[in-house]
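Please look through the sequence and the model below.

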Amino acid sequence: MGEEGTKGTVHLLCLAASSGVPLFCRSSRGGAPARQQLPFSVIGSLNGVHMFGQNLEVQLRSARTEDTTVVWKSFHDSITLIVLSSEEGTSELRLERLLQMVFGAMVLLVGLEELTNIRNVERLKKELREALSGFAEAAGTAFGSLVVSGRVVAATESWWRLGTPEAVLLPWLVGSLPPQAARDYPVYLPHGSPTVPHRLLTLTLLPGLELCLLCGPRPPLSQLDPQLLDRWWQPVLDPLRACVPLGPRALPAGFPLHMDILGLLLLHLELKRCLFTVEPSADQEPSPEHRRRLLRAFYTLVTASHFPPEPGSPEEKVEDAAQRSQVPRACYLVSGPEEPGTGWRLVALQSGPRRLLLLSAQSPTHALRGLATHTLHALTPLL
């Protein structure tokens with residue numbers, strides 16, 4: 001680090017706290033911009049050691065080498081600032097105050113909400129749930145959802161409590177049908193009503209975004225008139241627009257996903273919901289379809305060999321439930337050479353009711369668990 005921190009040089013790094021993605025880097029020498037920039041490997045190491053300490057519930061605040069002082073500081077679990085200074089007489093207190101002023105300047109220019117916008121996902125979901133529940137009640141049903149590209153992005157509690165077959169198959173059905181402004185489609189529920197048909201009503205609220213209602217004989221489709229739609233959905237038009245890009249990517253715009261991640265699957269075993277994407281860095285190899293096959297095969301492997309089946313599933317035996325305390329918390333698989341940039345790396349992490357599977361091509365093997373841990377921390381507000 002002393003080689004990078006040339007005498008009289010200050011390096012300032014700003015990173016997303018949850019993923020370690022650099023947001024900006026600035027270097028100065030004697031108060032003027034410096035040509036010398038920190039290489040990405042050094043930035044990754046500085047952030048990695050800080051994140052490693054957090055995993056162990058240790059707060060790393062500062063460190064010194066022979067000629068360089070380093071100070072770390074996180075703000076609102078959203079932004080991490082790191083400063084390195086080789087200026088003579090620099091104190092840790094001075095550098096910490098510098099980081100506080102830098103973050104204050106960021107808030108001054110863009111606002112705190114913008115800097116911590118990942119936490120606004122919960123607010124977005126809450127707004128949509130309230131509108132969805134109100135509209136479903138006005139339509140005389142407790143089962144309603146918003147579907148984008150065959151994925152449920154918001155739903156009423158009753159919809160989430162549907163049995164596993166119909167909870168999976170209904171959004172798939174909607175995603176497979178040709179676009180229509182409205183539908184009245186008869187369906188049988190494999191778990192809940194395999195012999196008596198229900199009606200699946202769909203209404204297109206925006207291109208690519210459909211409102212789905214599961215009903216009995218009532219209401220007729222004609223009863224869902226434009227006035228009823230406007231009453232419930234016009235006030236949340238902006239949150240609705242924010243839902244549309246969630247189809248293929250499954251993550252909110254601006255989500256700080258680490259650049260090494262090529263695909264992920266997050267399961268919430270108690271809620272029986274999941275979040276899945278193979279779209280990050282879609283221009284890189286392997287193709288999204290190949291990524292999907294890799295994650296599917298890895299999921300089969302870890303579920304069969306390392307992690308228990310979902311609680312209450314038919315595969316779970318009494319002896320399995322008794323041995324849960326012996327279940328590993330993480331495992332990984334390296335396909336091909338171990339050198340970064342060659343082959344694929346898959347890592348699975350179990351934490352409480354959540355299970356995360358990641359696909360990466362660049363991360364070294366020793367960094368996989370840290371990458372998975374911080375990605376899971378960042379994804380937790382979403383699921």
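Which residues make a nonpolar surface patch of about 320 Å²? The patch is made by F52, L56 and V58. This is a predicted model, in which local features need pLDDT of at least 70 and side-chain atom pairs count only at pLDDT 80 or more, while totals for chains, interfaces and linings use all residues. Residues are numbered from 1 along each chain as its sequence is written, and side-chain values use heavy atoms, with hydrogens and water left out.

L56 sits in the loop between α1 (40–55) and β4 (62–64). L56 is exposed, at a relative accessible area of 55% (exposed means over 50%, with a 1.4 Å probe and protein chains only).

Further along is an open sheet of five strands, in the order β13-β12-β16-β15-β14, with antiparallel pairing (two strands pair if DSSP finds at least two bridges between them). Its edge strands, β13 (273–277) and β14 (330–335), each pair on one side only. From one strand to the next, the twist averages 10° (angles run from 0 to 180 degrees between N-to-C directions, with axes fitted to C-alpha atoms).

Within this sheet, strand β15 (residues 344–351) runs antiparallel to strand β16 (residues 354–360), and seven bridges join the two. L346 stands opposite L359 in β16.

Helix α10 (residues 288–305) packs on the sheet and touches β12 (261–268), β13, β14, β15 and β16 (contact means heavy atoms within 4.5 Å). The direction of α10 makes about 135° with that of β16. Helix α12 (residues 368–379) lies across β12, β14, β15 and β16, and runs at about 125° to β16.

Note on methods
Patches are made of residues with over 30% relative accessible area and no salt bridge: like charges are joined within 9 Å, nonpolar side chains (Val, Leu, Ile, Met, Phe, Trp, Tyr) within 5 Å. Accessible areas come from the Shrake-Rupley method with a 1.4 Å probe; for residues, only the protein chains shown count as cover. A salt bridge is a side-chain nitrogen of Lys or Arg within 4 Å of a carboxyl oxygen of Asp or Glu. Helices (H or I, at least four residues) and strands (E, at least two) are DSSP runs, numbered from the N terminus. Buried means under 20% relative accessible area, exposed over 50%, partly exposed in between (1.4 Å probe, protein chains only).
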